[in-house]
Each structure stands twice: as structure tokens, then as C-alpha cells.
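The structure comes before the details.

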Amino acid sequence: MEIEKSASSFDLKQGEASVLQSNRHFIKSYKAHDSAAIAQAFTKNAKVMVANHEPVEGRNDIGEYFSGMIKSGISDIQLNTEKIWGDSSILVEEGKFALFDQKGDQADKGEYIALWQRESGNWKVYRDMWTSIQPKSVLNISDSALIKH
């Protein structure tokens, strides 16, 4: 993984370690189908932007989005962070992802970029954007998963 230096004296290595630890917790929560824990990885005013889908805003709706993803049959996520840069106000993470179905077959793969900000002393995802690099993404999460009850 490549790490770019920032102009400030901010300890980027600490920020990187926090992001990687948060990603491990996110994946563990996803595998446990714990959308409430998944949502806690995001800031209160976070936004998720995915191709062919309306943006998903706010921690609660983001939790519902990932719950819909789990219900759609995506049972595992892999994240491969390739680069992190930034300073004490924002970190940028760039990487590749893979999604797997319940049989363990790869359902989708692509690239992502996430912006991280501190909230209550912890680095959390503020903006998350990913896109498939397959000709047509097989991931199709219905907007009905976001309907408020």
C-alpha cells in the first residue's frame, strides 16, 4: 500500500491504522449481518454514492442500505486499501473491493474512494463512493429497502 505524505505534521500512520481497523470491524459486522454496527462506521451526515442508485444519506439509511445488500444475497465483502492520504481534518482512502454471494462466488468487483472525518474522536466514513469494473454490476438493491417504516 502506498502512503502519500501530507504537508502538515499530522501522523498519517495513526490515521491509516485507524482506517484499516475500522475496515476490519466493518467487514466483521457485515459478515455478522449487523447493519446497526455497519452504520456506526459512518458519520451522522455521511453519504454513500453508488452507480445506478440514488445517493443514500445519513447513518440510519446507510444501515438500511447495507441491510438490503445482505438480504440481496451478498454475504461477504473484501476491501483492499491501496492508498491513504490526508491530514488531521480529512483522510482519503482509495482501494478495490470484491463482493461474494452465499456460495462464495464473486458477485462483483470494482474500485472505491472513501473520505474519512473525525466524529466523537474516531475516524468515520463521511463520503463513500464505489463503482463496479465489471461490464454490468450484478448488485441490484431495491430502493424499497430504504422505505421508512
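Which helices and strands each supply at least two residues of the lining of the largest cavity? They are helix 1, helix 3 (59–71), strand 4 (74–86), strand 5 (91–101), strand 6 (106–119) and strand 7. The model is predicted, with local features needing pLDDT of at least 70 and side-chain atom pairs pLDDT 80 or more, while totals for chains, interfaces and linings use all residues. Residues are numbered from 1 along each chain as its sequence is written, and side-chain values use heavy atoms, without hydrogens and water.

**Terms**
- On a 1 Å grid over the protein atoms alone, a cavity is a set of points where a 1.4 Å probe fits but cannot get out; a pocket is an open set with protein on both sides within 12 Å along at least five of seven lines; lining residues have an atom within 4 Å of a point.
- Grid points are joined across faces, edges and corners, and a volume is the space filled by probe spheres set on the points.
- Helices (H or I, at least four residues) and strands (E, at least two) are DSSP runs, numbered from the N terminus.

**Cavity**
- There is one cavity of 30 Å³ or more, and the largest cavity holds about 250 Å³.
- Its lining has 18 residues, with Phe26, Phe66, Leu79, Asp128 and Trp130 closest to the centre.

**Second largest pocket**
- This pocket has a volume of about 200 Å³.
- Its lining includes Ser18, His25, Phe26, Arg118 and Trp123.
- Helix 1 (12–31) and strand 7 (122–132) are the elements that give two or more residues to this lining, and helix 1 gives the most, with four.
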